[in-house]
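Please keep the sequence and the structure open while you go through it.

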Amino acid sequence: MEGGNPFYLLLAIGTAGMLVMAVAIVAFILYYQKRMLNEKLKQHQMEIEHQENTLRMTLESQENERKRLAKDLHDGVQAMLQALRL
Amino acid sequence: MNDSYAISIYVQQAGSLLIALLGVVYFLKRHLPIKLLSFYGFNSVLFQTASTIIVYNHKARLYLNLNGNIYTLVETLILLLFFFTIYNSRIAKSLILVFASGYLILYFTLMPNHWTELESSIRTTRDLIVIVCSLMYFYFLLREMPTGEITKYPMFWIVAAMLSFFAGTFALSVSIQYLVKVLHNDLALLWTMRNTFRFVFCLVVCYGLWLDLRQVRTNLTLTK
């Protein structure tokens, strides 16, 4: 451009550099937000999984306890009835 | 004046007009920053029209730079007001006030006796202020970390367009005085490129305004 003055090359490099920097900043923000959202989603899913596990374990232990009580009750009454019969 | 330069003037004028018109629809229902953008569009159209009239009127050519210098001041103040309204942080708002005062002092210190010259410093400072304000907006956006997709936020596109445009023209603003005074460049080709770039900037801003308009319409439908 206009006699090939090196100043124009400098101007072109400056413009391109600043433009690339601006676009890179915008792209970084988009990438960063997406990554943070994904991490939040993962954390949320892990929390739900943990809650489900806790609930399942509570239910299992309740069920076991119920079974044990039923067995104890059954065995005790049966033993008493046997003793009475004798 | 060559054809491509003339076309680029009209194209960027059309872009500014589009910004103004998209901001005017449902004007009363729009947020203050959008109203300000609409005003920014109208202001650009006004000054660009004045500039076109001056370019075609050879006797008034002396006033072309005066028109541009006044436009730079008005544009900077409108954009500062725009950023002032989109920030929630008090520190950021205070910083905007500091920028505005600093710019006014710089402007009225530099401009007396140079009204008809193409002043670099006021344009460079304007670009720097807009770049810093845009970066501050993105910093606060990342800190707040919205749960929705930010590409659906009108302000994201508008500020991204501002950052890209003012960063892209920063080098030109810095060297404009040197180009004219030392290299005797008539700026036709450079200004054609700048105008084309500005048109792209206007289109991205319009996309943001259109997203905002869609949100306003949805809200209106829900409240009916």
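In which helix of chain B does B:Leu46 lie?

1. B:Leu46 belongs to helix H2 of chain B, and what follows is read from a predicted model, as should be kept in mind throughout. This leucine counts as partly exposed, because 14 other C-beta atoms lie within 10 Å, and the cut-offs that matter here are 20 or more for a buried residue and 12 or fewer for an exposed one. Between B:Leu46 and B:Gln177, which are 131 residues apart along the chain, the C-alpha atoms are separated by 24 Å.

2. The next point concerns how helices are placed against one another. Two packed helices are described by the angle between their axes and by the distance between those axes. For H2(B) and H3(B) the angle is about 175° and the axes are 10 Å apart, and the two helices are therefore roughly antiparallel to each other. By class, their contact has 18 nonpolar, five polar and no charged residues. Among the residues that meet are B:Leu36, B:Phe39, B:Tyr40, B:Asn43 and B:Phe47 from H2(B), with B:Tyr71, B:Val74, B:Ile78 and B:Leu81 among those from H3(B).

3. Helix H3 of chain B, residues 63-86, can be checked for its length, because at 1.5 Å a residue its 24 residues should span 34 Å, and its end C-alpha atoms are 35 Å apart, which agrees. Its buried residues include B:Asn69, B:Thr72, B:Thr76, B:Leu79 and B:Phe82, and what covers the buried residues of H3(B) includes H2, H4, H5 and helix H6 (154-168) of chain B.

4. Just after H1(B), B:Tyr26 takes a positive phi of about 50°, although B:Tyr26 is not a glycine. This tyrosine lies in the loop between helix H1 (3-24) and helix H2 (32-56) of chain B, and it counts as partly exposed because 14 other C-beta atoms lie within 10 Å.

5. B:Asn113 is another residue other than glycine with a positive phi, in this case near 75°. B:Asn113 sits in the loop between helix H4 (90-110) and helix H5 (120-144) of chain B, and it counts as exposed because it has 7 C-beta neighbours inside 10 Å.

6. H5(B) and H6(B) pack at an angle of about 145°, with their axes 9 Å apart, and H5(B) passes H6(B) in a left-handed crossing. On the H5(B) side the residues that meet the other helix are B:Asp127, B:Val130, B:Ile131, B:Ser134 and B:Tyr137, while H6(B) contributes B:Val159, B:Met162, B:Leu163, B:Phe166 and B:Ala167. The residues of this contact divide into eight nonpolar, one polar and one charged.

7. Finally, there is the contact between the chains, where 19 residues of chain A are in contact with 17 residues of chain B. The side of chain A that touches chain B divides into 14 nonpolar, four polar and one charged residue.

Notes:
Residues numbered from 1 in each chain as written. Chains lettered and ligands numbered in written order. Predicted model: local features only at pLDDT ≥ 70, side-chain atom pairs only at ≥ 80, totals over all residues. Helix = DSSP H or I, 4+ residues; strand = E, 2+ residues; numbered from the N terminus. Expected span 1.5 Å × (residues − 1). Contact = placed C-beta atoms within 7 Å. Axes fitted to C-alpha atoms, helices over the stretch in contact; angles between N-to-C directions. Parallel < 35°, antiparallel > 145°, perpendicular 65-115°, else oblique. Nonpolar A, V, L, I, M, F, W, Y, C, P; charged D, E, K, R; others polar. Left-handed = near helix turned anticlockwise from the far one by under 90°.
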